[in-house]
Amino acid sequence: MGLTCAWSYRGSVATVTTQQAGQSAGANPGPKRDPKTGRFGSSVFKKAVMAVTGIIFVLYLIAHMVGNLKAFAGAETFNAYSEFLRDLGEPVVPRLTVLTIIRIVLLVAVAAHIWAAFSLWRQAKRARPIGYVTKKRVQQSYASRTMRWGGVILILFIIWHILDLTLGAVNPAGRDSLPYGRLVEGFQNPIVTVWYLLALLALGFHIRHGVWSATQTLGHSNKRRERALNVFATAFAVVLIGGYMLIPLSVTFGIID
Amino acid sequence: MKLTLRVWRQPSPQVKGKMANYHLTDVSPDMSFLEMLDVLNEQLILEGEDPVAFDHDCREGICGSCGLMINGIAHGPEQTTTCQLHMRSFSDGDTIDIEPWRSGGFPVVKDLVVDRSAFDRIISAGGFISAPTGTAPDAHASPVPKVDADAAFDAATCIGCGACVAACPNGSAMLFTAAKVTHLGLLPQGQPERDSRVVRMVAQQDAEDFGGCTNIGECSAVCPKGISMETISRLNHDLLGALRANAVPTS
């Protein structure tokens with residue numbers, strides 16, 4: 001009996017689904033919006049924006065990490081490197097030109113990355129208006145799951161970080177200090193060190209999933225490369241974040257003073 | 001086997017649904033999951049209650065009609081369709097949560113039945129080829145490289161059950177769309193519409209209130225046909241190629 005009932009019920013559903021959208025009461029009235037076939041509306045385009053801007057960040061982060069390691073060469077080298085960044089390209093273009101261009105590119109990239117993330121987050125929210133009572137994770141990694149909140153933490157951290165070590169506004173060494181002084185004095189406070197280490201951990205997870213996701217989004221992943229790509233993404237994130245963590249930890253343990 | 005079932009009951013799309021508890025005794029471990037639900041429905045009918053509505057058709061794992069969220073996993077603990085899942089995958093005394101697919105694009109019709117016509121509209125947006133009518137051409141008239149034929153066939157095994165959407169934390173239908181785009185885009189017969197197909201199908205999937213893909217991989221892990229994440233990479237590649245080629249459909 002139960003079987004018959006289920007069958008006859010299914011019969012009526014089959015009729016509903018084969019009808020044109022919007023005709024049958026109670027059924028899916030069709031898409032709530034017109035399909036956007038334009039260039040910028042597509043979710044895949046937004047993903048590509050995230051991937052390309054993400055690559056810009058990763059390239060910048062590599063350069064930034066290498067620059068940070070100059071702290072081990074002492075105050076003079078570190079401060080000179082900071083000056084070099086401002087003098088970059090100087091005989092050709094006026095002082096600060098190259099650095100300003102880099103800053104503008106990064107700002108635009110951050111804006112685009114956040115725009116795409118926010119837009120995709122809204123789409124994802126629309127895509128599951130009612131949640132599951134029970135939902136288990138089968139395959140997702142911690143890194144992939146925390147991309148959105150991780151991103152929010154990172155933007156807050158970046159703002160703090162610029163106020164702290166670039167401008168010196170929230171640094172105990174003050175605004176008129178030299179970069180090396182800000183570095184050493186800032187990380188004397190263990191709370192600041194812990195905050196940096198946590199943010200770096202969040203950055204590591206963000207990069208671990210981001211590198212893999214960007215490759216996939218730009219259409220350069222396949223079954224054969226999938227494993228290697230994921231291993232590379234993890235290794236890259238570990239090396240990069242390890243390089244960054246060396247500095248605050250070295251200050252804490254007195255290797256840099 | 002004795003089981004406790006917690007089933008999503010929702011009489012109609014407009015009414016708010018809730019989980020209801022049912023107790024089943026004498027469930028054979030050799031029953032399929034759907035046969036177990038048949039037993040529940042017989043019991044409900046005898047008690048004068050409304051039987052639980054759920055979708056099913058071939059019960060052979062090839063039609064894509066059935067699909068339930070079982071204990072929080074699309075199609076349950078085995079990577080197969082709900083109809084091919086057997087009660088031996090559970091233990092005596094288990095509590096099993098049964099919910100419908102959840103997505104903005106899959107509104108609940110009744111109980112565990114969702115309307116998946118959004119998939120039909122994604123297909124009609126571009127999941128076809130232009131083929132001359134008349135006598136069928138010789139099978140070897142257009143040669144297809146073996147690798148492409150294999151990859152296209154793997155993608156073509158998609159039965160459109162919707163488990164990818166159900167499992168995706170973003171509620172994205174990208175694995176389904178990608179399987180169709182890959183299947184047709186790899187074959188010579190699919191080339192004329194290759195650019196416009198991917199643009200239109202992605203646009204339709206976005207318009208149907210499905211989410212965007214963040215390459216988490218839950219979809220592929222629950223796909224009864226094991227459609228690979230590679231198809232999504234191909235879709236992305238084709239879409240970006242189409243945008244570069246300025247192949248934006250006018251209508």
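In chain B, 71% of the contacts with a separation of 6 or more are between residues 24 or more positions apart, two residues being in contact if their C-beta atoms, placed from the backbone, lie within 7 Å. The model is predicted, so local features need pLDDT of at least 70 and side-chain atom pairs count only at pLDDT 80 or more, while totals for chains, interfaces and linings use all residues. Residues are numbered from 1 along each chain as its sequence is written, and chains are lettered from A and ligands numbered from 1 in the order in which they are written.

Chain B has eight helices and seven strands; helices (H or I, at least four residues) and strands (E, at least two) are DSSP runs, numbered from the N terminus. The C-alpha trace of chain B spans about 60 × 40 × 35 Å along its principal axes. Of the 251 residues in chain B, 57% are buried, that is, have 20 or more other C-beta atoms within 10 Å of their own, with C-beta atoms placed from the backbone.

Between the chains, 60 residues of chain A are in contact with 69 residues of chain B. On the chain A side, two or more residues each come from α1 (2-18), α2 (43-68), α4 (97-127), α8 (190-217) and α9 (223-252). The largest share, nine residues, is given by α1(A).

Within chain A, helix α7 (residues 179-186) is largely enclosed by the rest of the structure, because six of its eight residues are buried. These are Pro179(A), Tyr180(A), Arg182(A), Leu183(A), Val184(A) and Gly186(A). Their cover includes α3 (75-87), α6 (147-166), α8 and α9 of chain A.

Conventions
Buried ≥ 20, exposed ≤ 12 C-beta atoms within 10 Å, placed from the backbone.
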